[in-house]
Amino acid sequence: MFTYEKAAAYIEEIPKFTTKNKLEHTRKCLDMLGSPDKNRKIIHVAGTNGKGSVCAFLSTMLEEGGYRCGLFTSPHLMKINERFQINEQMVSDEKFLEAFLKVKELSDRLVEQGDYHPTYFEFLFLMGMLIFEDEDVDIVVLETGLGGRLDATNSILNPLACVITSISLDHVEYLGDTIDKIAGEKAGIIKKGVPVIFDANNETAAAVIRSRAEELGCPAHEVRAESQKLLSYTPKGIGFTFDSAVYGTTELFVPFIAKYQMMNASLAVETMGVLRENHGIGKETLKKGLEHTKWQGRMETILPGVIVDGAHNEDGVAQFVETVRHFQEEFSITLLFATVSDKDYEDMIRRVCSGLRFANVVTTEIWGSRKQSSEELAELFRANGCSSVMAVPDSGEAFEKAYALKGDGLMFVVGSLYLAGEIKDYVRRRMND
């Protein structure tokens, strides 16, 4: 008899006994489950950085416009249910278990037939489509996992739109070691005749996407950084104008402090513009949706002056440095840092220390087998010129130390999405005590 806890544990074990399956397998699984995707309106989003934020903006704008929106996203920070959201609320344990049992029954049947067991991500995707069908959502915002062309989510047949966010070098062992190869994988989500809205700032990537869209007869809508103009930049968020091809010059505000969110919000707004005949939501309502958007672990303010950010790859770290550099002229900066042992944390620390001045650094450790010694991390910060550094292995204690040191300044929690999740959970419990 499966309980929610046993179901979640089962899913976490899946990578140990399966290999990646072909899209035909995922399509077959969907059809065996009754094709829960076929009557759903779906916006499909891929990219290296920003796709989660774009999905969050789209979901919140649709909700603001009165729609019931399903969001499939990854990774989760604290609880696996976060991957399935309906109007910003993760699904209940009961709904999770109900979908799990249906996919588990299918998996058992396939294995008995000598077929493949669904992969970890494939299993979750199948659950998501069942949940959204059962909840009868009006529209699904679907975030790819890794890549695009071979991603399980690419088994869907007729999306309303395909959105491709910024592309940079990441997961090169799977997606290719050049921008054009990675762009080719991301452009693999493009379907014949379906409109494509994409970040065109990298010309190499843009050329690949443009070519694929032309080949498949897709209307292509390019969004570039020069279409945005910064108006205000404070710890509460960013005000800017966006020159939309659909809505014209429009003033927008996002409750995030990273400048890259101007591009992500613009991609989301342009997507809603391209699809305006499908949803009929007015521009002012879309603007309210942007203003109310929350996105966990990405330059997210969790307490006044306390921001968590899951930056963990080269581009994410560069964006983190650019954001904090703006605020360090006015505020003292305290850093709470941890990472996992299989990341290039030496390079990460070198990059943040070369670009920023920290009043205080507190290093800590993430629970689990991949944790990295807080003392070793502290030594690396000292070696890179930071004078006020302390190592506190327990992440809760480390938060309290850093929070006490913050004073009237700003505190950033960075290094890993796992750390973001642990600290968010700790703060939630702290506030409920």
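## A polar contact at Thr165

A polar atom in the side chain of Thr165 sits 2.9 Å from the backbone oxygen of Asn49. A polar contact is a pair of N or O atoms within 3.5 Å; within protein, one must be able to donate a hydrogen and the other to accept it, and residues adjacent in sequence count only if both atoms are side-chain atoms. This is a predicted model: local features need pLDDT of at least 70, side-chain atom pairs count only at pLDDT 80 or more, and totals for chains, interfaces and linings use all residues. Residues are numbered from 1 along each chain as its sequence is written, and side-chain values use heavy atoms, with hydrogens and water left out.

Where is Thr165? Thr165 lies in the loop between β6 (161-164) and α6 (172-175). Helices (H or I, at least four residues) and strands (E, at least two) are DSSP runs, numbered from the N terminus. Thr165 counts as buried because its relative accessibility is 1%. Buried means under 20% relative accessible area, exposed over 50%, and partly exposed in between (1.4 Å probe, protein chains only). Leaving aside neighbours within four places in sequence, the contacts of Thr165 include Val45, Lys51, Asp199 and Leu267. Contact here means heavy atoms within 4.5 Å.

## A partly exposed loop residue

Leu146 is in the loop between β5 (139-143) and β6. Its relative accessibility is 37%, so Leu146 counts as partly exposed. Leu146 and Ser332 are 186 residues apart in sequence. In space they are 37 Å apart, C-alpha to C-alpha.

## An open sheet of three strands

Three strands form an open antiparallel sheet, in the order β9-β10-β11. β9 (228-234) and β11 (248-254) are at the edges with a single partner strand each, so one side of each has no neighbour in the sheet. From one strand to the next, the twist averages 15°. Axes are lines fitted to C-alpha atoms, for helices over the stretch in contact, and angles run from 0 to 180 degrees between N-to-C directions.

Strand β10 (residues 237-244) pairs with β11 in the antiparallel sense over seven bridges. Two strands pair if DSSP finds at least two bridges between them. Asp243 stands opposite Thr249 in β11.

## The enclosed strand β17

Why is β17 (residues 410-414) largely enclosed by the rest of the structure? Five of its five residues are buried, so the rest of the structure largely encloses it. In a regular strand, side chains alternate between the two faces of the sheet. Leu410, Phe412 and Val414 point one way from β17, and Met411 and Val413 point the other way.

β17 has parallel pairings with β13 (residues 306-309), over four bridges, and with β14 (residues 333-337), over five bridges. Val306 stands opposite Met411 in β17. Leu336 has Val413 of β17 as its bridge partner.

## Pockets and cavities

The second largest pocket holds about 420 Å³ of space. Its lining has 15 residues, and Gln85, Glu88, Gln89, Lys294 and Gln296 lie nearest its centre. α3 (51-64) gives the largest share of this lining, three residues.

There are two cavities of 30 Å³ or more. The largest cavity has a volume of about 70 Å³. Its lining includes Thr73, Trp295 and Arg298. On a 1 Å grid over the protein atoms alone, a cavity is a set of points where a 1.4 Å probe fits but cannot get out; a pocket is an open set with protein on both sides within 12 Å along at least five of seven lines; lining residues have an atom within 4 Å of a point. Grid points are joined across faces, edges and corners, and a volume is the space filled by probe spheres set on the points.
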